[in-house]
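Open the model in your viewer and keep the selection panel at hand.

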Amino acid sequence: MSLVNAAHGRSENTSAEHPTGERPRGARRISARRTVRQVVGAYAALAKPRVIELLLVTTIPAMFLAGREIPSPWLVLATLVGGTMAAGSANALNCVIDADIDKVMNRTKKRPLVKDSVPRRNALIFGLVLGVASFAVLYFTVNLLSAILAIATILFYIFVYTLGLKRRTSQNVVWGGAAGCMPVVIGWAAVSGTVQWPAFVMFGVIFFWTPPHTWALGMKYRDDYERAGVPMLPVVATPQHVAKQIVIYSWVMVAWTLLLLPVTSWLYATFAVLAGAWFLFYAHRLQAAVRRGEETKPMSLFHRSNTYLMIVFVALAVDSAIGLPTLGLPF
């Protein structure tokens with residue numbers, strides 16, 4: 001018996017133990033289960049679940065605010081299922097289109113199409129099927145408006161952002177980021193059947209949040225984007241300019257959250273102001289470090305941007321669920 005086989009506790013003469021030369025049934029079953037898990041995991045990765053989590057965090061509070069109460073759990077579930085499918089569709093199709101970019105970026109080199117764990121054709125079909133399913137789920141369980149908005153979001157993300165803006169302009173995430181703002185509009189439409197001005201204000205909060213969030217990531221992975229030929233702002237501009245733009249958008253974002261005060265109470269107002277001050281502090285600290293030529297940690301701001309958005313929208317949800325008197329218009 002060789003040392004290698006002895007270490008694994010089996011004989012070199014496999015056929016002596018298994019005359020047919022086949023693996024034991026139990027081993028085949030374990031291998032099959034692992035294969036199924038790997039395939040399911042690969043398709044799930046195509047949908048970028050971590051991105052979807054953030055979208056859902058904003059959808060539910062929008063539904064709460066639309067009715068100024070806790071909506072039907074079944075309506076929330078149906079909206080989340082349909083919205084998840086729509087987001088998964090857009091993300092999967094994005095992976096198909098950007099497979100060449102993902103191969104040269106360290107941040108994305110483990111994605112399914114790069115590792116060949118999902119055939120490109122299958123990924124395309126998967127994305128299209130998810131898109132059709134999202135429309136069907138929202139149409140039959142929610143309403144037509146939310147279904148149309150979901151499809152419009154997928155089309156915008158693919159044709160305007162991925163194919164039109166991403167590889168052509170440093171303003172890619174500014175305008176292309178509008179796709180990520182749509183879940184709040186879909187959530188509002190799911191409850192009210194219409195789209196009213198508070199939905200557009202929430203849209204604006206996420207719209208102005210996206211550049212600081214994404215540019216902080218771009219500062220960290222600047223070399224990745226440059227190697228892939230993607231003209232993110234941190235690739236084509238100086239760190240000083242990027243930091244300045246992050247601060248500007250952060251101020252606009254925080255100010256924009258205050259536009260919701262007429263339809264919320266003192267509770268939301270308190271959290272919006274405090275969370276905004278907290279985030280602005282770190283945005284200015286990043287800018288100050290860049291100006292001094294110090295080593296910066298942009299990912300710190302990136303992660304805090306997620307926390308900030310969660311605080312603001314959770315405050316919206318709690319404020320609406322409690323039903324405190326709204327502040328109303330000052331005139």
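What share of the contacts in the protein chain with a separation of 6 or more comes from residues 24 or more positions apart? Such residues account for 73% of them. Contact here means heavy atoms within 4.5 Å.

This is a predicted model: local features need pLDDT of at least 70, side-chain atom pairs count only at pLDDT 80 or more, and totals for chains, interfaces and linings use all residues. Residues are numbered from 1 along each chain as its sequence is written, and side-chain values use heavy atoms, with hydrogens and water left out.

**Whole chain**

Colour by secondary structure. The protein chain has 16 helices and 0 strands. These are DSSP runs numbered from the N terminus: helices are H or I with at least four residues, strands are E with at least two. Now switch to the surface. The protein chain exposes about 16900 Å², and carbon and sulfur atoms supply 65% of that area. Accessible areas come from the Shrake-Rupley method with a 1.4 Å probe; for residues, only the protein chains shown count as cover. Of the 331 residues, 46% count as buried. Buried means under 20% relative accessible area, exposed over 50%, and partly exposed in between (1.4 Å probe, protein chains only).

**Annotated spans**

UniProt, in an unreviewed entry, places the feature "transmembrane region" at several spans, among them residues 147–165 and 307–328. Its positions are given in the numbering used here, feature names are shortened, and annotations may be inferred rather than shown by experiment. Select residues 147–165. This span is 100% helix and 0% strand, with its end C-alpha atoms 25 Å apart. Next take residues 307–328. Here the span is 73% helix and 0% strand, and the end C-alpha atoms lie 27 Å apart.

**Loop stops**

Go to R68, in the loop between α4 (49–67) and α5 (73–97). Its phi is near 55°, a positive value in a residue other than glycine. R68 counts as partly exposed, at 22% relative accessibility.

Move to the loop between α6 (99–104) and α7 (120–141), where K109 sits. K109 is partly exposed, with a relative accessible area of 44%. Leaving aside neighbours within four places in sequence, K109 is in contact with D102, V114 and K115. Draw a distance from K109 to A99: their C-alpha atoms are separated by 9.4 Å, and the two are 10 residues apart along the chain.

D116 is also in the loop between α6 and α7. Its phi is positive, about 60°, although D116 is not a glycine. At 65% relative accessibility, D116 counts as exposed.

Is S170 buried or exposed? S170 counts as buried, at 17% relative accessibility. Find it in the loop between α8 (144–165) and α9 (172–176). Not counting residues up to four places away in sequence, S170 touches W215, P231, M232, L233 and V236.

**Helix pairs**

Select α15 (residues 266–291) and α16 (residues 298–322). Their axes come within 9 Å and cross at roughly 175°. That makes α15 roughly antiparallel to α16. Axes are lines fitted to C-alpha atoms, for helices over the stretch in contact, and angles run from 0 to 180 degrees between N-to-C directions. Angles under 35 degrees count as roughly parallel, over 145 as roughly antiparallel, 65 to 115 as roughly perpendicular and the rest as oblique. The residues of this contact divide into 18 nonpolar, 3 polar and 3 charged. Ala, Val, Leu, Ile, Met, Phe, Trp, Tyr, Cys and Pro count as nonpolar, Asp, Glu, Lys and Arg as charged, and the others, Gly among them, as polar.

The axes of α14 and α16 come within 12 Å and cross at roughly 10°. The two helices are therefore roughly parallel to each other. Show side chains: I246, M253, V254 and T257 of α14 meet L301, Y308 and V312 of α16.
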